[in-house]
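Colleague: I'm new to this one. Can you walk me through it?
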Amino acid sequence: MILFELLQCVRNVSQQLGKASSAIFYESLLSTPHISSEELVSRFLRILETGYSSSTAAILISELGADIAWEKELSNHRNLRKFSTNMFLSLQSLCQKANSWSKVLDVVESYIQFFVPKKIVLKSGAQAFFPLSGSAVVQSTSQIAKVMFESVLDVLMLLRYMISISGQINFTHDDVSRVKLDLIPMIQEVVTEWHIIRFFGTTSSESPAIEDFSHQLSSLQIDSNVDKRFWNVKLGKCDFSLAFILLLSMQSSSVELGNFSVGRLPNPNSLISSSQEFISWMTSGRSGEESSVFSNSIDLALILLKHHQYKATEYLLTLVDEYLHKEKTFESLQSVDGKMSALLHILGCCLVAQTQHGSHGPVKEKKVGEALRRFFRAASVEGSSKALQSLPQEAGWLRIDFSSSLSAAAWKVEYYQWVMQLFEQYNLSEAACQFALAALEQVDVALETIDSSSSENLGETVITMKGRLWANVFKFTLDINKYNDAYCAIISNPDEESKNICLRRFIIVLYERGAVKILCDGQLPLIGLVQKVERELAWKAERSDISTKPNAFKLLYAFEMHRHNWRKAASYIYLYSVRLRTEAAVKDHQMRSSTLQERLNGLAAAINALQLVNPSYAWIEASVDETSIDRENYPNKKARTTKQEQSPPDDDLPQKLPSYIDVEKLEKEFVLTSAEYLLSLANIKWTFTGNETPSSNLIDLLVESNSCDMAFTVILKFWKGSCLKRELERVFISMALKCCPSKLAPSLHGKGRKMHGLLLTSSQDELVHDSFDAAAFAQQYAGNSHWETLELYLDKYRQFHPRLPLIVAGTLLSADSQIELPLWLVRHFKGDRNESRFGMTGTESNAASLFRLYVDHGRYTEAVNLLIEYTESFSALRPADVIRRKRPFAAWFPYTSVERLWCLLEESIKSGHRIDQCGKLKKLLHGVLVNHLNLLKVDSDDVRSSVS
């Protein structure tokens with residue numbers, strides 16, 4: 001009678017909440033992130049107490065209108081009052097019939113026990129369990145779980161409602177405590193159990209990931225395994241739920257339950273019996289011992305993981321973990337404590353596996369973080385070593401097989417390393433690093449427990465183990481680009497061999513990723529490792545291609561420059577230039593120019609570095625082959641020793657003495673390399689042979705390619721004295737010949753030949769063209785540029801060789817005796833007009849020299865005019881003061897050349913060549929000489945009279 005009244009109350013609560021409440025509660029548990037069951041129950045309870053909220057009324061107004069919404073609100077209010085009154089009367093009647101609330105609670109507890117899944121000892125032959133269709137069993141199990149779930153949920157809501165109105169129904173404090181501490185936890189466990197069973201029956205299975213190689217291999221069906229083909233077909237289908245996987249795991253072969261279609265209507269009793277057996281197997285296993293689905297969740301999870309049902313496994317174990325994490329007061333939960341570590345371990349493995357199957361970005365990071373927490377919790381549970389080793393063989397790679405004789409700290413070292421390797425397998429370096437560091441921490445704890453520096457329990461020496469773990473930390477931090485942490489792992493490594501290997505790997509990885517700048521800019525404190533880092537960089541530089549970026553030699557240069565090791569920096573960058581010199585010799589034109597440009601940069605950097613050193617030590621040692629960098633190339637502070645000062649070797653074997661390169665040699669090599677670079681731009685090949693003095697052929701090539709600046713730079717750098725003057729004369733002769741019309745274009749005579757235009761014409765043979773074509777214009781432009789270039793460099797380098805104007809003029813007249821010498825060139829001979837008071841004397845290129853050139857090349861008119869100009873200027877001189885009132889008596893004229901000009905004019909007249917012109921010139925010359933001699937005689941008489 002009491003149970004009947006109780007069920008009436010339960011039905012009233014269920015009707016008041018409606019049929020959707022259980023569905024909402026179930027879906028809330030499935031949603032991610034899901035609303036906690038306590039919060040959802042509180043909301044349902046608020047509906048039972050006060051009805052629907054004002055927000056619901058506002059929605060009704062917007063949808064149905066104000067009038068209909070008002071009527072709906074009134075109706076709900078009447079229903080709420082009716083429900084409250086009926087529940088109050090029903091609960092009062094229930095308490096009166098039972099005489100006390102304690103008896104009512106006893107009936108409730110007995111009623112709840114009815115919902116606890118029954119424990120059935122299954123037969124040994126799994127194939128005898130289910131003679132019926134598997135689909136019918138799964139469907140029946142789902143329906144049973146649904147009904148049980150909804151019924152227990154209604155009881156839970158009734159108890160919570162009774163607590164909320166405890167003052168009205170005379171519910172004592174002891175009764176409330178019993179409900180909260182005993183009945184509600186019991187109901188929550190039962191609700192969760194039926195929820196899990198219903199979850200298995202209604203959730204579709206997950207198809208294997210496409211990336212799963214084993215799945216791809218089995219899908220080819222190249223073997224005769226029927227079971228594998230069956231799973232490949234069924235997994236992922238919407239009608240193949242998780243319950244089918246669990247159901248088939250109870251059979252010896254999937255073929256025996258392969259017929260899922262209902263061939264005939266099953267016997268209801270047999271169907272219910274089979275469903276109860278299946279539920280019992282899911283909750284307590286085959287033995288049927290008193291337990292719950294929580295204690296059997298590990299076995300269920302292993303079955304799901306075997307078939308790659310990672311999401312379902314995560315949900316199952318997470319739900320169990322969250323439930324067990326609450327305060328445990330119900331007896332049946334105490335049996336799970338020993339398996340907590342195994343549950344957390346499997347959940348962590350499941351989360352890790354999911355990171356490789358569709359999880360990306362924040363979702364993946366979240367799963368990795370949850371896996372970290374689960375593994376650390378699993379290791380911290382007391383007795384975790386035995387629990388993890390007790391996992392069945394079916395657990396496969398999830399099973400931990402360590403020695404049970406290890407201490408707690410030693411076991412954690414092994415377990416953390418196992419987890420570290422698991423994360424490493426899935427390329428989760430950051431998480432793997434966390435467990436490597438945790439293992440390192442436990443090594444020290446393990447040492448304290450055994451009080452020894454070398455532990456037999458750890459299986460290897462402590463230094464070796466720490467070195468291996470620090471090497472793993474280095475590897476993981478390097479994988480995630482945490483270079484500072486990776487370097488800290490290197491310097492923390494106590495194993496020297498492992499430290500050197502990690503350091504080499506560190507440099508190689510930084511080099512490959514283009515992040516080696518942190519080694520050269522002082523970000524890392526290389527205390528005690530400078531020489532090792534330098535050696536590794538040098539090893540890398542010697543064995544790598546110089547075209548790779550970043551360049552190892554440049555890194556060495558930056559590395560040494562940052563530490564103010566100027567000579568080392570110069571040595572490494574010079575070796576780089578030597579390597580480039582070898583490369584440039586075998587490359588094509590375009591690549592050769594870029595290589596030479598890079599070599600110039602290297603030589604300039606070497607010069608700059610050596611200029612920072614004290615001049616007494618501003619040198620580097622060049623090895624015999626100029627490419628080896630394995631050995632030390634220079635002393636710390638040692639004055640340079642010449643070959644003559646070195647003592648002869650004691651042994652009879654010939655030894656090559658080391659050579660030294662100072663700033664001067666580097667500058668010379670820089671100049672020659674610059675010349676080679678300019679020639680390469682002009683598509684002229686010339687290779688630097690290594691000789692200190694270049695050949696004259698280089699100067700000719702530079703002048704020919706119009707690289708005059710570089711030609712003069714080479715000359716001034718490598719030649720001195722008479723050799724310098726000789727090379728300057730050769731260059732200006734070549735430049736002058738470029739200005740000659742006969743050199744720019746051949747003289748073309750005849751009316752039938754096309755004229756391409758001459759830049760400059762002689763005084764006799766001037767040609768007039770009807771039109772100028774493009775070639776003639778370009779040629780004229782080139783000729784003008786040659787004249788401008790000659791003028792520029794003659795003004796600039798005349799100070800090095802005063803005879804250069806004479807060389808240029810002689811070359812021009814030799815090439816074309818009738819050429820008009822430019823005014824700027826004639827001015828070089830005439831010089832300052834104040835010097836004419838001494839006649840035609842001056843420097844080597846003076847007016848007398850120009851006069852001789854005119855005479856030698858038949859330019860008689862210009863010679864006579866030049867002589868007239870200077871004699872008239874001499875006669876026009878005035879005394880400087882009273883004492884020196886006479887003209888200078890030290891004036892000089894080229895009388896021999898004047899006499900020779902007189903003779904040549906007479907010969908020309910006698911030969912009948914230009915008689916009139918030569919006659920006029922002879923008369924002019926005669927008049928000039930007479931006037932000049934008369935002036936000299938008058939001045940001489942004045943001097944004689946003044947003396948007497």
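Colleague: Which residue lies over the face of phenylalanine 559?

Modeller: Arginine 563 does, at 4.1 Å from the ring centre. Keep in mind that this is a predicted model.

Colleague: And what lies over the face of tryptophan 539?

Modeller: That is arginine 504, and the distance to the ring centre is 4.8 Å.

Colleague: Let's step back. How many helices and strands does the chain have?

Modeller: There are 39 helices and 2 strands. The chain has 948 residues, and 46% of them are buried.

Colleague: What share of the contacts joins residues 24 or more positions apart?

Modeller: Taking contacts with a separation of 6 or more, 70% are between residues 24 or more positions apart.

Colleague: Back to rings. How many aromatic pairs are there in the whole structure?

Modeller: The search finds 28. Take phenylalanine 199 and tyrosine 315: their ring centres are 4.6 Å apart and their planes are at 40 degrees, so this pair is tilted.

Colleague: Where do phenylalanine 199 and tyrosine 315 lie?

Modeller: Phenylalanine 199 is in helix α8, residues 173–202, and tyrosine 315 is in helix α14, residues 310–325. The pair therefore ties together parts that are 116 residues apart in sequence.

Colleague: Are those two buried or exposed?

Modeller: Phenylalanine 199 is buried, and tyrosine 315 is too. Another tilted pair is phenylalanine 712 with phenylalanine 732, at 5.4 Å centre to centre and 45 degrees between the planes.

Colleague: Which helices hold phenylalanine 712 and phenylalanine 732?

Modeller: Phenylalanine 712 is in α30, residues 708–718, and phenylalanine 732 is in α31, residues 721–739. The pair ties together parts that are 20 residues apart in sequence. Phenylalanine 712 is buried at 0% relative accessibility. Phenylalanine 732 is also buried, at 0%.

Colleague: Which residues form an aromatic cluster?

Modeller: One cluster is made of Phe375, Phe376, Trp411, Tyr415, Tyr416, Phe423 and Phe435.

Colleague: Let's talk about glycine 201. Where is its place?

Modeller: Glycine 201 is in helix α8. Glycine 201 is buried, with a relative accessible area of 15%.

Colleague: What is glycine 201 in contact with, leaving aside its neighbours within four places in sequence?

Modeller: Val138, Ser142, Ser241 and Ala243. The C-alpha atoms of glycine 201 and serine 142 are separated by 5.0 Å, though the two are 59 residues apart along the chain.

Colleague: What about serine 429, buried or exposed?

Modeller: Serine 429 is buried, with a relative accessible area of 13%. Its place is in helix α19, residues 429–450. Not counting residues up to four places away in sequence, serine 429 touches Phe476, Asp479 and Ile480.

Colleague: New topic. How many disulfides does the search find?

Modeller: It finds 0.

Colleague: What lines the largest cavity?

Modeller: Leu867, Thr871, Phe893, Tyr895, Val898, Val928, Leu929 and His932. Helices α37, α38 and α39 each supply at least two residues of that lining. The largest share, 3 residues, comes from α39.

Colleague: Last topic, the backbone. Where is there a cis peptide bond?

Modeller: Between lysine 549 and proline 550, with omega about 0 degrees. Proline 550 lies in the loop between α24 and α25. Most peptide bonds are trans.

Colleague: Which residues other than glycine have a positive phi?

Modeller: Histidine 308 is one of them, with phi near 65 degrees. Histidine 308 lies in the loop between α13 and α14, and is partly exposed at 24% relative accessible area. Asparagine 481 is another, with phi of about 65 degrees. Asparagine 481 is in the loop between α20 and α21, and counts as partly exposed at 45% relative accessibility.

Notes. Residues numbered from 1 in each chain as written. Predicted model: local features only at pLDDT ≥ 70, side-chain atom pairs only at ≥ 80, totals over all residues. Heavy atoms only, no water. Phe/Tyr/Trp six-rings, centres within 6.5 Å; stacked < 30°, edge-to-face > 60°. Helix = DSSP H or I, 4+ residues; strand = E, 2+ residues; numbered from the N terminus. Buried < 20%, exposed > 50% of the residue type's maximum accessible area, 1.4 Å probe, protein only. Lys NZ or Arg CZ within 6 Å of the ring centre and 35° of its normal. Contact = heavy atoms within 4.5 Å. Disulfide = S-S within 2.5 Å. 1 Å grid on protein atoms, 1.4 Å probe; cavity = no way out; pocket = protein on both sides within 12 Å on 5 of 7 lines; lining within 4 Å.
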